[in-house]
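Have a look at the model first, then read on.

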Amino acid sequence: MKATVVVKTMGREFDETAVDQWELAASRRALRNLKTIAGGQIMMDLIAEQVAEGDRYQKSIIEESGGRFRESRTEFTVRGLTGTQLATWFQAQAGSGEFGDKSLLLNAHPEHYVEPPAYRGGMVETIGGYLTRFKVSVARELPPQVAVFRQPEYPITLMNALLSLDDGTPFAYCVHQARDTDDGADVVVRVVYPAAAPDALIEGHCEHLAIEFRSWIRNAAASLA
C-alpha cells in the first residue's frame with residue numbers, strides 16, 4: 001500500500017512535490033551548517049580512517065591500470081549564459097586550481113566534505129564510494145593519453161587540471177570545455193580516471209559532475225544578473 005499526502009498550511013494547499021522541495025532545502029541548510037561548524041581540521045580528524053581507506057582504494061586502481069585511462073563525462077546545454085562567460089567566471093574562481101570563494105566549492109555538492117587545511121586547492125569528496133582526498137593543480141600540458149579525450153569542437157577551455165593524492169601520486173585529470181551557441185553554450189566536463197576504475201565509479205561521477213557543474217553554472221549566471 002502506498003499513501004499519498006496533501007498538506008495545508010495557513011489555508012494554502014500543497015502536494016508532496018512541494019514538501020519534497022521543502023525537505024531538500026532544509027537538508028541543504030542542515031548540511032551547510034554542519035560543514036561550517038565542523039569544517040577544516042575537525043572534519044579531517046572525523047573522517048581520517050575513511051580517507052585512508054580511500055587512498056588505498058584509488059592507488060589499487062592506478063596500479064591495475066598500467067597508464068591507461070577512461071573518462072567520466074557529463075554534457076550540458078545552457079541557455080542564457082555563453083561558454084565564454086562561463087569560462088571567465090570559472091577561471092576567475094578556480095584558474096589556479098583553488099576556488100576563491102570556498103563556499104561555492106563546498107556547497108556545489110553535498111559530498112564535498114572539506115578542503116584539507118594543508119592544501120591550496122583540493123577536496124575530500126566521495127569517488128567510487130570512498131572518501132578521496134586530492135590536490136588540484138592546473139595542468140599546463142596534458143599527457144598524450146589524457147589529451148586524446150579533448151574535443152576540438154569545444155574550443156573554450158574551462159579548466160585542465162591534475163588531481164593528485166596526498167603523497168603526490170597522479171590520480172585523475174579534469175578536462176572541462178565549452179563552446180558558444182546562439183542562445184548560450186554547450187558544455188562538456190569530464191574527469192579522466194585510470195582505466196581500471198569500475199563502471200560504478202565512472203557512472204557515479206557523471207552524476208557528481210551533473211550536480212556540481214549545474215551549481216556552478218547557476219552561480220556564474222547569478223553573478224552576471
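Which residue in S7 does Val138 stand opposite? Val138 stands opposite Ala161 in S7. Please keep in mind that this is a predicted model, where local features need pLDDT of at least 70, side-chain atom pairs count only at pLDDT 80 or more, and totals for chains, interfaces and linings use all residues. Residues are numbered from 1 along each chain as its sequence is written, and side-chain values use heavy atoms, with hydrogens and water left out.

Helices (H or I, at least four residues) and strands (E, at least two) are DSSP runs, numbered from the N terminus. Two strands pair if DSSP finds at least two bridges between them.

S7 and S8 form a hairpin with five residues between them, and Gly168 in the turn has a positive phi of about 95°. Seven of the nine residues of S7 (residues 156-164) are buried, so this strand is largely enclosed by the rest of the structure. Buried means under 20% relative accessible area with a 1.4 Å probe, protein chains only.

Now to helix H3 (residues 48-65): at 1.5 Å a residue its 18 residues should span 26 Å, and its end C-alpha atoms are 26 Å apart, which agrees. That expected span is 1.5 Å times one less than the number of residues. Among the buried residues of H3 are Val51, Tyr57 and Ile61. The buried residues of H3 pack (heavy atoms within 4.5 Å) against partners including strand S8 (170-180) and helix H7 (199-224). Just after H3, Gly66 takes a positive phi of about 60°.

How values were computed. Buried means under 20% relative accessible area, exposed over 50%, partly exposed in between (1.4 Å probe, protein chains only).
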